[in-house]
Amino acid sequence: LSHVSACYMSLITKEVDDFRWWVWLTRGFYACVISLSLRHVTVLDEALRWFWESARTTFIWKHDSFEPFIVVSTFFLVFSFWGAIDKLCPQFHKYKFHAHIVEDWKTFRFPVDRIKSEFIGYVAPLLIFDFLYPRRRLPADSVSFGRLWFEVTLCLLIYDALFFVAHWLLHIIPTVFRAIHARHHDMIPIKALDTIRLSFAEQIINVSCSIIAVNVSGSHPLSRAVYNIVIICLLVELHCGYDMPWMLQNVVPFGIIGGSVRHDRHHVVGTVYYQKFFTYLDNLFGFVEKKSS
């Protein structure tokens with residue numbers, strides 16, 4: 001028995017060491033990318049200028065529904081990625097939060113009805129509004145590489161703070177929770193597709209937080225496009241059900257990012273971790289699990 005216990009503990013230790021190795025490898029990779037970007041920032045600025053001069057004249061970029069198109073396309077690609085991880089890559093399943101729950105993929109059916117309802121509830125109204133109220137005006141000047149990432153980060157910070165307040169209100173008022181938000185908490189474990197398991201009111205709240213963020217920040221259209229791609233990737237990652245070593249919550253130091261770890265605990269516990277991406281507001285107001293938990 002002691003031999004079996006020792007073997008088990010050595011296996012756990014090896015998995016922890018492998019996890020840390022991947023974390024530090026990813027940090028090194030990001031550090032190299034950031035260093036190279038800073039060293040060649042003028043080249044990147046010129047590349048963005050060249051890209052913007054070409055993109056701003058195209059039909060798709062000039063179209064008022066360009067941003068909804070970016071959002072829907074990104075959702076499709078990211079859902080496909082996590083679906084492939086779930087179904088085709090069992091080597092990654094060791095990173096699942098709820099790996100003990102066995103899922104029968106033979107009974108899985110693509111949620112066509114949910115996709116239809118999302119299109120009717122989210123995409124269709126935006127398309128109609130864009131058709132009736134054409135307003136898109138693209139500036140001639142491009143955006144610098146530094147300004148682009150500053151604006152993307154600022155948009156994420158604004159969105160996260162706004163959603164924190166709305167999310168907290170959805171939870172502390174029981175009637176509102178049952179009417180609007182309870183559906184989003186139906187599934188344990190959560191999957192990537194649960195990102196869009198939302199009521200119509202929740203869709204309005206999410207979209208409104210994003211619209212306010214990009215307009216308050218005064219972001220360039222190119223920054224807005226990048227922000228839309230980044231936030232969709234982060235939102236789906238929150239619900240993916242995995243804690244992989246190369247995810248931002250592990251790579252970014254000092255616990256700045258909550259990521260899928262905190263969001264999974266939010267779905268399990270329900271009264272903690274109302275922020276989606278960052279941690280400072282949850283920490284400040286005490287919406288964290290106690291150590292005894």
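How much of the chain over residues 21-44 is helix, and how much is strand? Over residues 21-44 the chain is 96% helix and 0% strand, with end C-alpha atoms 31 Å apart. Helices here are DSSP runs of H or I with at least four residues, strands runs of E with at least two, numbered from the N terminus.

This is a predicted model, in which local features need pLDDT of at least 70 and side-chain atom pairs count only at pLDDT 80 or more, while totals for chains, interfaces and linings use all residues. Residues are numbered from 1 along each chain as its sequence is written, and side-chain values use heavy atoms, with hydrogens and water left out.

The unreviewed UniProt entry annotates residues 21-44, 65-85, 119-136 and 148-170 as "transmembrane region"; such annotations may be inferred rather than shown by experiment. Over residues 148-170 the chain is 100% helix and 0% strand, and the end C-alpha atoms are 32 Å apart.

I turn now to helix α8, residues 200-216.

Which residues of α8 are buried? They are Glu-202, Gln-203, Asn-206, Cys-209, Ser-210, Ala-213 and Val-214, where buried means under 20% relative accessible area, exposed over 50%, and partly exposed in between, with a 1.4 Å probe and protein chains only. The face turned away carries the exposed residues Phe-200 and Val-216. Just after α8, Gly-218 takes a positive phi of about 65°.
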